[in-house]
Amino acid sequence: MLESSKVPALTRAIEIMNLIARRGPLPAAAIIAELAIPKSTAYLLLTELKRHRFISVDVNDNYCLWTKLVELAEHALSKIDLRDISRSRLTQLMEQTNLLCHLGIIDNENAYYILKIESPSTISVRSHEGKSLSLSRSGIGKCLLAWQPEAQRDRIIDSLDFTAKTPHTLTSPEQLRNELNNIRRQGWSYDHGEDYVDVRCVAAPVFNGRNELTAAISVVGTRLQINDDNRDLLASQTIACARDISRLLGWRSPFELQTA
């Protein structure tokens, strides 16, 4: 509460920004009424926040959040270790599924595992942190490619080698594009033994606070561990984990944004 704050002006400034973040651009009168701030104090705070680029005034004389917050967010996010953020939740997914779990990223036109959470299962799949992944034959690779900007996605597809490694490998750009469209619609990807004939993988995307793809996570097992009987359940568990990690990065679902 404002009465218990040792720095009431700072508290009020933060409340103003939180209100605009929840409600969108607002006129000064609405901010004053909503937060019960004295008019003179409110205008002083709004002026100071505007001077430091925390807020701005749009063409309708409404106050909106502005570039200083983006600048500070960029600095904060640059200090965040994605692996540290993901490790705890990915470990929970491993315990939930009893399967090997990975976190992967795309860098230009290459994908890599950057975190591996090993499963105690007696049936294991070999992998390692730093391993390069196929963008057309792996669950994480296809997931990362599916959410690339269209121009970047097309450039990558044009550079790929579609030589079949197993009977299930996608062997043409058209097949891959159809697969990527399906992945975006359903929200997860599946490697049906496309790189290694006996390996299966379910993957889901991780987004940041700007709703940009940051990474992808996966559960990996043999064809005995992941099959038609449990694939959809594993997909829902993987998606839930990916969304939890995304929220830690500032992402919010459309429903959460509508009800904020």
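Keep in mind that the model is predicted.

Let's start with the aromatic rings. How many aromatic pairs does the count come to? The count comes to one. The partners are Trp147 and Phe207, and their arrangement is edge-to-face. Their centres are 6.0 Å apart, and the planes make an angle of 80°. Why is that called edge-to-face? Because the angle is over 60 degrees.

Now look at where the partners sit. Trp147 is in the loop between helix H6 (139-146) and helix H7 (150-159). Phe207 belongs to strand E7, residues 199-207. They are 60 residues apart, so this pair links distant parts of the chain. Buried or exposed? Both Trp147 and Phe207 are buried.

Next, charges over rings. Lys165 places its charged end over the ring of Tyr196, 5.1 Å from the ring centre. Arg231 lies over the face of Tyr190, and here the distance to the ring centre is 4.8 Å.

On to the cores. In soluble globular proteins, nonpolar side chains tend to be buried together. Here the largest nonpolar core has 27 residues. Which of them touch the most other members? Leu90, Leu103 and Ile217 do. Several elements supply at least two residues each, including helix H5 (82-97), strand E3 (100-107) and strand E8 (213-222). Helix H9 (231-248) is also one of these elements. H9 gives the largest share of this core, six residues.

There is also a second, separate core, with 21 residues. Among them are Leu133, Ile157 and Ile183. Remember Phe207: that is the ring paired with Trp147.

Definitions and conventions
Residues numbered from 1 in each chain as written. Predicted model: local features only at pLDDT ≥ 70, side-chain atom pairs only at ≥ 80, totals over all residues. Heavy atoms only, no water. Phe/Tyr/Trp six-rings, centres within 6.5 Å; stacked < 30°, edge-to-face > 60°. Helix = DSSP H or I, 4+ residues; strand = E, 2+ residues; numbered from the N terminus. Buried < 20%, exposed > 50% of the residue type's maximum accessible area, 1.4 Å probe, protein only. Lys NZ or Arg CZ within 6 Å of the ring centre and 35° of its normal. Core = buried A, V, L, I, M, F, W, Y, C linked by side-chain atoms within 4.5 Å.
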